[in-house]
Amino acid sequence: MSEHVKRYTPQERTNHWIIAISFILLAISGLALFHPAFFFLSSLLGGGTWSRILHPFLGVVMAVAFFFFAIGMWSQNRITAADREWRKRLGDVLCNKTQGLPEIGKYNIGQKYMFWTLVISIALLLVSGIAIWQPWFTPLFPIFLVRLAALLHAVAGFVAILAIIIHIYSAIWVKGSIRAMTRGTVTAAWARHHHPAWYKDVSKGNR
Ligand code: HEM
């Protein structure tokens, strides 16, 4: 049996899947509300009226869950000089020429960019979403801000959906990653290969 190392606690995994499920429901209902070409997607939540009612509440659930998830991994997502060096040698990374590469910690620079893209886009989605949440909050804002919020909401939604498509693709593409979020562990070989500095840390008993 191969050796395994812990990567995520049950709380982190539960939170991640609450975020993932609510995000998918939000993306589908959001697209249905965005353009008539996608209106058929509203069937998932029980039609146009239910999509319109549930979408903002799901947004709050996702934003709150994401807030706690992001706080927990905030410091591990700071971009370092080693990350920049690693990015410059991305060609070598893709060709598996790992000799002399700076050692990567818990997350690589691609994951870190994804993290910050999500932090910014989800914050924008929450703030702009509140401003366009009829009939509760919209009357509190001047109309030009409501219009700006509607535009911002669509742009931030587009960016977040794109980021998540890349995130899911990478999670499947990097063999052995999915189990980190399903079982909470990865193989020692995976950790040594993809995140050697993090592996050294966990081996010493740190997280
Ligand atoms: C079906 C959809 C999803 C799948 C299959 C998936 C899969 C994964 C996996 C396997 C990891 C662990 C990667 C690692 O530790 O190296 C992960 C981490 C993470 N996921 Fe997801 N995820 C999904 C949806 C989402 C959504 C919707 C969000 C946020 C809106 C999200 C945010 C994150 C973040 C911030 C991390 C930690 C940093 C990273 O690995 O990039 N995920 N996900």
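Residues 24 or more positions apart account for 69% of the chain's contacts with a separation of 6 or more. The model is predicted. Buried residues make up 37% of the 207 residues in the chain. The iron atom of the ligand is coordinated by H16 and H167.

**Overall layout**
- The chain holds 9 helices and 2 strands.
- From the N terminus on, the order of elements is β-α-α-α-α-α-α-α-β-α-α.
- Along the principal axes, the C-alpha atoms fill a box of roughly 55 × 35 × 30 Å.

**Iron site**
- H16 and H167 each coordinate the iron atom of the ligand through NE2, at 2.0 Å.
- H16 lies in helix α1 (residues 10-34) and H167 in helix α6 (residues 143-173), so the pair ties together parts that are 151 residues apart in sequence.
- The arrangement is octahedral because the 6 donor atoms around the iron atom subtend angles of 86 to 178°.
- H16 is buried, with a relative accessible area of 13%.
- H167 is partly exposed, at a relative accessible area of 29%.

**Packing of α1 and α2**
- Helix α2 covers residues 48-73, and α1 packs with α2 at an angle of about 150°.
- The axes of α1 and α2 are 8 Å apart.
- The crossing of α1 past α2 is left-handed.
- On the α1 side, the contact residues include H16, I19, F23, L26 and L33.
- On the α2 side, they include R52, H55, L58, M62 and F69.
- By class, the contact of α1 with α2 has 13 nonpolar, 8 polar and 2 charged residues.

Methods. Residues numbered from 1 in each chain as written. Predicted model: local features only at pLDDT ≥ 70, side-chain atom pairs only at ≥ 80, totals over all residues. Heavy atoms only, no water. Donors = N, O, S within 2.8 Å, 3.2 Å for Na, K, Ca; no water. Tetrahedral: all angles 85-135°; square planar, octahedral: opposite > 155°, others 65-115°. Helix = DSSP H or I, 4+ residues; strand = E, 2+ residues; numbered from the N terminus. Buried < 20%, exposed > 50% of the residue type's maximum accessible area, 1.4 Å probe, protein only. Axes fitted to C-alpha atoms, helices over the stretch in contact; angles between N-to-C directions. Left-handed = near helix turned anticlockwise from the far one by under 90°. Contact = heavy atoms within 4.5 Å. Nonpolar A, V, L, I, M, F, W, Y, C, P; charged D, E, K, R; others polar.
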